[in-house]
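Hello,

Here is the structure I promised to pass on to you. Have a look at it first, and then read my notes on the charged residues below.

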Amino acid sequence: MDSKAFRIGVSLMTDTTHGQSGRRTALWFGAAAAAAALCGSAAAQTSESLGRYFGFDQPRMIAVDDRVGPAAAADFDADGRTDLCVVNNAKSRIEIYRQRAAERSDSEMEKQYKVNELPPNRWYDRIEVSVAHRVAAFRAHDVDRDGRLDIVYAGDPAEIVVLRQKDTLTFETGGKRRVRGLAAGQDGFEIADVMGSSEPELLAIVDGKIAVWSLTTSGIGGEPLELGSGAKMLAFFVEDYNGDGLADVLGIIPDDPSPLRLWLQGQFGASNGGKSGQLGAEVRLEMPALIEAEPIRFPPPHARAAASIGVIERASRRMVLYDLTTEQVSDRTDPGADRAGELDASPEVFALKGGANRERSIVVADVDGDGLLDILATDPSANSIVLYRQESGVGIGAGTSFSAFKKPKTVAAGQWDTDAPLEVFVLSEEEKAVGVSDYDPSDGTMSFPQPLSIKTAGASPVAMNFVMLKEGPAVAVVVKDKRDHTLEIHRPGGEDGIVATTVVLEGVNRPPQSMISGDFDHDGATDLLLFTPNEPLVMVRSVGGTDGAPPVVLTDKSMPQFGLVQSAGPDNTAGFDADGDGFDELLIANENFVRACTFSADKGWRVVEQATMPDSSSRLVGLTVQTGPDGTKRIAAADKANERLIIMSRGDDGWIVDRKLRLSGIDVNAIAAGSFTGDGSPGIVCFSPDAFGVVRLGGQRLALEEFAAYRSDADDRLEHEMEVGDVNGDGFVDLIVLDAREQMCTIFTLSAARKLHHATEFKVFESRLFSRGESREFEPSAAIIADLTGDGADDLVLEVHDRYMILPQMTGR
């Protein structure tokens with residue numbers, strides 16, 4: 001990994017100057033010191049058994065400039081030799097160090113030497129490519145497919161630029177794209193096929209998220225797919241982490257409780273007969289805070305189909321290697337299971353289109369009629385509603401946007417007519433409209449909402465929901481006209497196709513924003529609870545009753561024992577038959593308890609049952625009821641204060657807590673139970689302002705399995721950079737680890753059994769500072785492993801201050 005990008009936060013405005021030239025002179029060593037430190041095996045600093053198998057010839061130096069940028073190795077002139085491409089921001093150029101077929105002779109050096117200039121490099125020809133930006137990241141890729149490598153870079157001002165190689169090592173600007181919020185360092189900028197298409201994609205960090213564009217022969221196209229939610233991403237790596245032959249994306253948020261974020265590529269849509277590669281959910285993997293991460297690929301004969309993951313933990317300085325694996329999720333709601341501690345929920349997270357929005361409306365329903373629950377959400381910023389379909393064997397897919405009214409406020413779904421699938425209802429306060437849309441599963445389209453006529457003249461709709469009455473399905477709409485509020489019930493039927501009745505909401509002074517329905521008084525008719533932020537709830541009893549009696553509107557002043565339900569809201573309530581009488585009570589989560597309440601006309605509200613958690617620090621904000629395979633119902637609640645899910649079941653002595661599942665990094669507002677992973681396994685979906693996360697309660701889930709770890713006994717170390725390759729040509733994977741305090745370079749090797757062994761280490765340069773080098777400089781800062789000497793053996797390249805040090809692998813020839 002490029003440790004500067006990881007450490008600083010990959011800001012394009014970050015100053016990468018490594019201090020004043022006087023300090024650098026004091027730190028740097030001469031050529032003789034370099035040769036003494038690096039030639040041979042450095043056996044004095046490691047075990048004789050492994051150290052003697054590693055060695056480097058006389059180092060080759062490439063001096064660049066103060067603001068040396070990222071570098072990459074590639075064969076730019078297609079001559080079969082690897083070149084080194086380096087960004088020189090001090091001179092506003094990219095420098096390609098073309099590997100020569102033969103070393104320059106002394107006479108050639110003398111001919112090309114000019115007064116007051118550094119002598120030419122013996123081994124490389126420098127080709128300069130002028131750029132108009134400060135370059136933070138670049139990749140070499142044949143964009144136009146003409147057989148020549150082009151350069152795609154991220155620059156400041158915030159643009160992505162394509163430099164096409166029109167002739168050998170001659171470049172011209174082939175396209176630009178302005179990208180507001182571009183913040184891509186070398187480990188936050190990549191070209192790879194992550195969507196299963198015939199052409200690759202361009203990935204870059206933008207505003208703390210990973211943006212994915214299509215990259216065609218004509219350049220960067222279309223609107224980007226955004227990956228990530230919550231904390232800002234600092235780096236990512238594209239590799240096949242599960243061994244299915246498809247490129248996946250591993251995002252890094254170093255100081256987050258879940259610093260690794262993984263998107264696996266799948267073939268979403270395959271069941272419809274088409275290939276549609278798609279990045280799935282964001283899988284959050286918990287571990288200690290990191291200072292470094294790097295994918296590890298094992299080549300033949302020890303090859304694995306999947307890449308492993310190496311990390312360096314910030315606090316412990318441990319280097320740990322992991323494989324991605326799957327594990328069986330036991331029934332976490334099993335009453336007989338251990339309840340002592342918390343488990344990692346490992347949510348699979350999906351970013352919601354439109355970014356963070358606490359007023360977003362979301363509904364869980366089988367919108368396409370395939371028997372699987374989908375998720376439907378409003379995107380007011382794009383005047384759209386977004387459908388996240390679930391597919392069998394795959395799970396929830398990426399959201400598809402459909403045009404809707406301007407700034408849609410509320411969305412609902414229900415069986416309005418007799419034909420499947422469900423209808424979708426949309427409310428826009430901006431356009432004073434409520435409409436109904438039809439989804440067509442045959443072509444994946446949704447019609448534009450067709451308006452329902454508001455019966456109250458001059459009124460504007462403010463709240464809506466789909467409800468089931470005795471007479472059948474209906475849409476309940478609250479409308480306001482100045483300070484007056486009316487409940488309208490729209491049902492299919494009549495000459496115009498819709499029958500509408502009204503209920504004047506006496507005593508309601510502020511417009512309700514949401515509602516729920518249920519038979520809370522057990523009279524067989526539907527009741528509605530209307531919620532207004534920071535106002536008492538309103539109850540409308542017996543809506544659509546068959547006895548002809550009009551509905552009754554109850555406010556807090558006319559509702560006996562209102563205080564027992566005053567904390568109820570749209571997110572912390574659910575229906576649940578607590579006393580087994582065949583009617584659902586109103587279930588309310590509040591502070592550290594969940595209570596079931598019922599209403600009667602004469603006595604008002606009363607508590608049928610209450611489950612109280614012993615942990616007084618809990619603050620329960622979301623609530624749902626989960627039904628097990630045997631029909632047993634359990635209660636799930638979101639504990640916002642402790643960032644966890646609480647699963648409760650009924651035991652012999654009342655309600656008991658079965659499981660506590662950590663939800664690190666998810667600001668949960670509401671939750672819903674169901675199956676969302678495409679395999680029928682039970683789960684809970686958790687909603688936050690900018691994302692939703694699926695927590696599996698059964699089936700298989702992804703996990704990390706540690707297979708090697710190491711920590712140096714030297715306390716004055718700050719390991720910050722890891723690079724993977726084979727630097728002694730024995731066919732085994734080696735890890736190069738750089739230290740910023742003692743300026744050490746340590747080489748580890750992995751055995752056939754993938755055991756990690758310390759092989760050798762050496763000091764890269766001597767520091768005259770009493771602190772043994774300033775760790776904030778993080779020098780040496782980066783490493784590359786590539787054959788830059790043309791002998792077929794990979795060499796070690798170290799970036800140190802203003803230059804690159806090439807350490808040729810000692811091959812014995």
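A residue is called buried here when its relative accessible area is under 20%. Please keep in mind that this is a predicted model.

With that cut-off, Arg 541 and Asp 521 are both buried. For Asp 521 the relative accessible area is 11%, which is why this residue counts as buried. The two form a salt bridge, with 2.7 Å between the closest N and O atoms. This pair ties together distant parts of the chain, 20 residues apart: Arg 541 sits in strand β40 (residues 538-543), and Asp 521 in the loop between β38 and β39. Their side chains are also joined by a polar contact of 2.7 Å.

Elsewhere, salt bridges with shared partners connect Asp 77, Arg 98, Arg 100, Arg 104, Glu 108 and Asp 125 into one network.

In total, the structure has 47 salt bridges. Among them is the one between Glu 199 and Arg 145, whose closest N and O atoms are 3.7 Å apart. Glu 199 has a relative accessibility of 22%, so this residue counts as partly exposed.

The surface has something for you too: Asp 417, Asp 419, Asp 438, Asp 440 and Asp 443 gather there in a patch of negative charge. Of these, Asp 438 belongs to strand β31 (residues 433-440) and is partly exposed, at 42% relative accessibility.

Best wishes

Technical notes. Residues are numbered from 1 along each chain as its sequence is written. This is a predicted model: local features need pLDDT of at least 70, side-chain atom pairs count only at pLDDT 80 or more; totals for chains, interfaces and linings use all residues. Side-chain values use heavy atoms; hydrogens and water are left out. Patches are made of residues with over 30% relative accessible area and no salt bridge: like charges are joined within 9 Å, nonpolar side chains (Val, Leu, Ile, Met, Phe, Trp, Tyr) within 5 Å. Accessible areas come from the Shrake-Rupley method with a 1.4 Å probe; for residues, only the protein chains shown count as cover. A salt bridge is a side-chain nitrogen of Lys or Arg within 4 Å of a carboxyl oxygen of Asp or Glu. Lys and Arg count as positive and Asp and Glu as negative; His and the chain ends are not counted. The place of a charge is taken as NZ of Lys, CZ of Arg, CG of Asp or CD of Glu. Helices (H or I, at least four residues) and strands (E, at least two) are DSSP runs, numbered from the N terminus. Buried means under 20% relative accessible area, exposed over 50%, partly exposed in between (1.4 Å probe, protein chains only). A polar contact is a pair of N or O atoms within 3.5 Å; within protein, one must be able to donate a hydrogen and the other to accept it, and residues adjacent in sequence count only if both atoms are side-chain atoms.
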